[in-house]
Structures are given as C-alpha cells and as structure tokens.
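Subject: Structure handover

Hello,

Here is the structure I said I would pass on. Please open it first, then read the notes below with it on screen.

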Amino acid sequence: MRLAAAAALTLTALAATLSPTSAAAGSGGPTPLDYTALGDSYSAGAFVRPWADDDGCGRSALSYPQQTARRLNLRLTDVTCSAAEVRAGVLEPQTELTGPPSVPPQGGWAPRPAQIQAVTAATDLVTLGIGGNSIGFVDVVTRCIEQGIASFGTGSPCSTHYTRGPGQSRLDARFTALEADLATTLEEIRTRAPHAKVAVVGYPAVVADTSGCSFGSWRQLGTVTKADMPFLDALERRVNTVLRTQAERAGAVYVDTYASSTGHGVCAAPDQRWMYGLKDDLTGPGTQTDQPSDLCRAIPATGEACTALHPNLAGTTHQSDLVTQALTGLGAAARR
C-alpha cells in the first residue's frame with residue numbers, strides 16, 4: 001500500500017474512533033476481547049505521528065497494535081516501548097528510554113515497569129514483537145556506519161568483524177541469551193494468561209534488496225558499505241528465525257512481516273518505501289516534530305529526524321494488515 005493511501009485509511013480509522021472500545025460501549029454491542037501488546041519500537045510505531053510524549057516510549061496512535069485494535073474492536077493494553085529488550089523491558093523493568101521525543105525532559109524519564117505485568121488472567125490476545133535490541137542491532141548498525149567511513153565505502157569490514165572477527169562470539173552469545181529469554185517470556189505469558197492466544201510478530205525487511213541504495217545517503221543506510229548490507233539483512237533474518245522457532249515451540253502463531261515487505265525497504269523508491277532511513281522525514285498526520293539530539297544534528301542530511309531504520313506509516317499499516325489477519329485467525333471476534 002502506498003504512503004498516501006495508507007495515510008488516508010488510517011486517518012479515517014483514527015477519526016472514526018480513538019478508542020477501540022467506543023463503538024461497542026456506545027451501542028450496547030458485544031464485549032471486546034482484551035488485547036495486550038508487548039514489544040519494542042517496531043511494535044510501538046516509533047516516529048509515526050502522533051505519538052505519546054509523556055513516558056519516553058514513543059508509542060504511536062498508528063502503530064500496528066493501535067490500528068489492529070481499532071479494526072477488530074479490541075480493548076487494548078499497549079505497553080510497547082522504544083529501546084525495550086526481552087530481558088530489560090518485557091521480563092524486567094526498563095530504565096533506558098529513547099523516545100520519541102529524542103530529547104528527554106529535565107531529569108529524564110521514569111523507569112517503565114516490566115511489560116509482562118500487563119498480561120493477566122483476563123487477557124484474551126497477546127502480541128509480542130521484540131528481539132532486535134536484545135542482540136544489539138543498533139550497536140551493529142553503528143559499527144557498520146563507522147567502519148564504512150574508515151574504509152571509504154569499500155569492502156565488508158562490518159561483516160568481517162561479526163562473522164570472522166572479534167565480534168562473532170559476542171553476537172553469538174547475545175543470540176543464545178535471546179533464545180532463552182524468549183522461551184521464558186512465552187512461558188510466563190502462558191502462566192499469567194493460560195487461555196490467551198499469542199502471536200509473535202517478526203521484523204519487516206530493512207535492506208533485503210540493496211539495488212537502490214547509495215553510499216552516503218542518510219535517508220537510507222548512510223555510510224554502511226554496499227557489501228555489508230547483506231550482512232545486516234542476514235542478521236535480521238536470523239532474529240526472525242529465532243522468533244519463529246520460539247513461537248512454534250510455545251504453541252504461538254508467528255506473524256511473518258518480512259516476506260511481503262522485501263521490496264519496500266530503505267533502498268526502495270520513495271513511494272514504495274515502508275521503512276525510514278537513518279535520518280528521514282516523519283510520516284503520519286499532524287505537525288508533531290521530534291527535536292533532534294546534538295548527534296542527530298551533526299549528521300549531514302536534510303531529514304527531519306533521526307528515524308533510525310523504523311517502519312514509516314505505510315510500514316506500520318502493513319504490519320497491522322498481517323497482525324489483523326493473524327488475530328482474526330486466532331478467533332479475534334468480540335464476545336456476545
């Protein structure tokens with residue numbers, strides 16, 4: 001779906017109801033199911049306007065949990081949060097908060113309670129979209145940017161560091177921890193909400209096709225070398241494989257958002273992109289802006305904000321299309 005069409009659809013949905021329960025509550029209709037959304041910035045819809053700016057999590061009103069809840073008339077508890085990890089965020093409190101807004105208030109944001117606490121015996125549906133921060137995806141991209149500058153855009157220095165160099169063992173250890181923490185999380189969900197249906201949501205494609213990417217374009221991947229881009233794609237697919245495997249072992253549904261988004265990553269034409277680049281213009285209705293940090297200002301690009309490889313409005317709508325389909329298949333119809 002193109003960005004303009006996505007914006008029109010989501011604006012219509014947003015105008016029709018800002019609360020997923022309002023239609024049922026006002027008409028005396030069926031009781032909505034209770035839906036709890038857990039996850040990181042890809043689930044929170046970070047950098048898609050409008051977002052809440054009171055707790056540092058950057059949850060968007062047009063994230064896939066929010067869009068899906070309105071589509072299916074679900075009663076949503078959304079505790080997704082930017083920078084969340086499986087351990088520090090879902091299973092345990094989260095102290096590192098990144099917004100948006102990217103510049104925190106004086107004194108910073110208060111720690112967020114463990115997301116798992118939002119899952120209770122009354123929960124009917126759970127989505128879990130998490131894992132990238134646990135393996136340090138942002139750190140990997142940062143290193144790829146730095147090594148791309150040092151190599152003047154040649155070779156694959158980042159891939160070498162993580163597949164044959166000193167970064168390999170650390171990355172492998174993070175994946176081992178991710179597998180264990182995901183298994184613990186899914187077990188904890190089942191304990192807290194034994195009757196809930198669970199969907200694990202994978203990550204959409206960031207750079208599955210590199211044909212349109214240019215070295216030095218910060219609306220894409222900045223100074224990551226062309227030869228290192230396949231490594232970043234393989235890393236994302238590796239995370240998705242862990243998510244799928246753990247979902248299947250726990251009896252949960254896996255939502256594959258990667259396959260159908262492969263032609264819509266950061267290297268795609270502007271009207272086909274479902275993904276922000278490293279520094280890009282915000283999408284979503286309204287005039288909300290994100291005051292850039294000093295580091296963001298230093299990046300030589302005209303983009304409105306340091307959007308750091310997140311789904312744009314077309315991307316969150318695509319995610320919602322697939323999550324809506326998955327939850328419908330799990331029986332997401334209101335009680336009568």
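One place to begin is Pro 101, which sits in the loop between β2 and β3. The model is predicted, so please read everything here as a description of that model.

The peptide bond that joins Pro 100 and Pro 101 is cis, with omega about 0°. As background, most peptide bonds are trans, and most residues other than glycine have a negative phi.

Ala 83 lies in the loop between β2 and β3. It counts as buried because its relative accessibility is 14%, and the cut-off for buried is under 20%.

Leu 309 is another residue other than glycine with a positive phi, in this case near 60°. You will find Leu 309 in the loop between α9 (294–298) and α10 (313–329). With a relative accessibility of 4%, Leu 309 counts as buried.

A positive phi, near 55°, also turns up at Asn 73, which follows helix α4. Helix α4 covers residues 64–72 and is mostly covered, with eight of its nine residues buried. Among the buried ones are Tyr 64, Gln 66, Arg 70 and Leu 72.

Next, the strands. Strand β2 takes in residues 75–78, and its side chains alternate. Strand β1 (residues 34–39) runs parallel to β2, and four bridges join the two. Which residue of β2 is the bridge partner of Asp 34? The partner is Arg 75.

Then look at Val 140, which has its place in helix α5 (residues 137–150). Is Val 140 buried or exposed? At 2% relative accessibility, Val 140 counts as buried. Setting aside neighbours within four places in sequence, Val 140 is in contact with Cys 158, Tyr 162, Leu 171, Phe 231, Leu 232 and Leu 235. Val 140 and Ser 159 are 19 residues apart in sequence, and their C-alpha atoms are 9.7 Å apart in space.

Finally, the protein as a whole. The protein has ten helices and five strands. Its C-alpha atoms fill a box of roughly 65 × 40 × 40 Å, taken along the principal axes. A compact globule of 336 residues would have a radius of gyration near 20 Å, and the protein, at 19 Å, agrees with that. Of the 336 residues, 54% are buried. If you take the contacts between residues at least 6 apart in sequence, 76% of them join residues at least 24 apart.

The accessible surface comes to about 13800 Å², and 55% of it belongs to carbon and sulfur atoms. As for charge, there are 26 positive and 30 negative charges, and the mean positions of the two groups are 3 Å apart.

Regards

How values were computed
Residues are numbered from 1 along each chain as its sequence is written. This is a predicted model: local features need pLDDT of at least 70, side-chain atom pairs count only at pLDDT 80 or more; totals for chains, interfaces and linings use all residues. Side-chain values use heavy atoms; hydrogens and water are left out. Buried means under 20% relative accessible area, exposed over 50%, partly exposed in between (1.4 Å probe, protein chains only). Two strands pair if DSSP finds at least two bridges between them. The radius of gyration is taken over C-alpha atoms; the globule rule is 2.2 Å times the number of residues to the power 0.38. Contact means heavy atoms within 4.5 Å. Accessible areas come from the Shrake-Rupley method with a 1.4 Å probe; for residues, only the protein chains shown count as cover. Lys and Arg count as positive and Asp and Glu as negative; His and the chain ends are not counted. The place of a charge is taken as NZ of Lys, CZ of Arg, CG of Asp or CD of Glu.
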